[in-house]
Amino acid sequence: LVAHGSHQGEFMSKCCFVVMGFGEKTDYKPSRVLDMDKTYKHIIKKAVEAAGLACVRADEIPHAGTIDVPMYEQLMDADLVIADLSTSNLNAAYELGIRHALRPNTTIIIAEEQFASPFDISHIVIRRFRHDGKALDIDVVETFRGELTDAIRDIMGNGRVDSPVYTY
């Protein structure tokens, strides 16, 4: 995958795989419905592309049969993985764990501000943003998108370990 129209030459051929739920998902702790597609389209994808990487989510990968093989390939081979744990999505948490086991760095965790961090990830950096359910506030979107773009650029260039498995 190549980021078309990117202005960031150094990362042009690099790819980000996004781990998250699709469509409207219910966050049962605060009993809210969040439109995850809006988070992807308006925040994550634009932030990734602004940082010069191609961006793909599992539902965008052409495949025959089950998504498992291409998903595992992306978790292992993607230059960057962004995991959105909003709504306490168990699939996203599982895929994040696989990424942490496979790669020592270049993984970013995000979640909306009401996400209750489980103990095992409470000591890991989780970048937070406000999600208003089925809508997103444009000011929040622009601010967080900029923060995420900056984080991507930093993480892609610093080589620091961000996996708790490799830290151990």
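1. A salt bridge is taken here as a side-chain nitrogen of Lys or Arg within 4 Å of a carboxyl oxygen of Asp or Glu. Under that criterion, the side chains of Glu112 and Arg32 form a salt bridge, with an N to O distance of 2.6 Å. Glu112 belongs to strand 6 (residues 107-112) and Arg32 to strand 3 (residues 32-35), so this pair ties together parts that lie 80 residues apart in sequence. Helices (H or I, at least four residues) and strands (E, at least two) are DSSP runs, numbered from the N terminus.

2. The model is predicted, so that local features need pLDDT of at least 70 and side-chain atom pairs count only at pLDDT 80 or more, whereas totals for chains, interfaces and linings use all residues. Residues are numbered from 1 along each chain as its sequence is written, and side-chain values use heavy atoms, with hydrogens and water left out.

3. On accessibility, buried means under 20% relative accessible area, exposed means over 50%, and partly exposed is in between (1.4 Å probe, protein chains only). Both partners of the pair in point 1 are buried, Glu112 having a relative accessible area of 0% and Arg32 one of 17%.

4. A search of the whole structure finds eight salt bridges. One of them joins the side chains of Arg57 and Asp59, at 2.9 Å from N to O; here Arg57 is buried, with a relative accessible area of 4%, while Asp59 is partly exposed at 43%. These two residues are also linked with Asp37 in a network of salt bridges.

5. A further salt bridge is formed by Arg130 and Asp137, whose closest N and O atoms are 3.6 Å apart. Arg130 is partly exposed, with a relative accessible area of 32%, and Asp137 is likewise partly exposed, at 28%.

6. In helix 2 (residues 68-77), the buried residues are Pro70, Met71, Gln74 and Leu75. They cover an arc of only 140 degrees around the axis, which puts them on the same side of helix 2; the arc is that of the directions from the helix axis to the C-beta atoms. Val69 and Asp77 are exposed on the other side of helix 2.

7. As for what lies over that buried side, the elements covering the buried residues of helix 2 include strand 1 (15-19), strand 4 (54-57), strand 5 (80-84) and helix 3 (90-102), where contact means heavy atoms within 4.5 Å.
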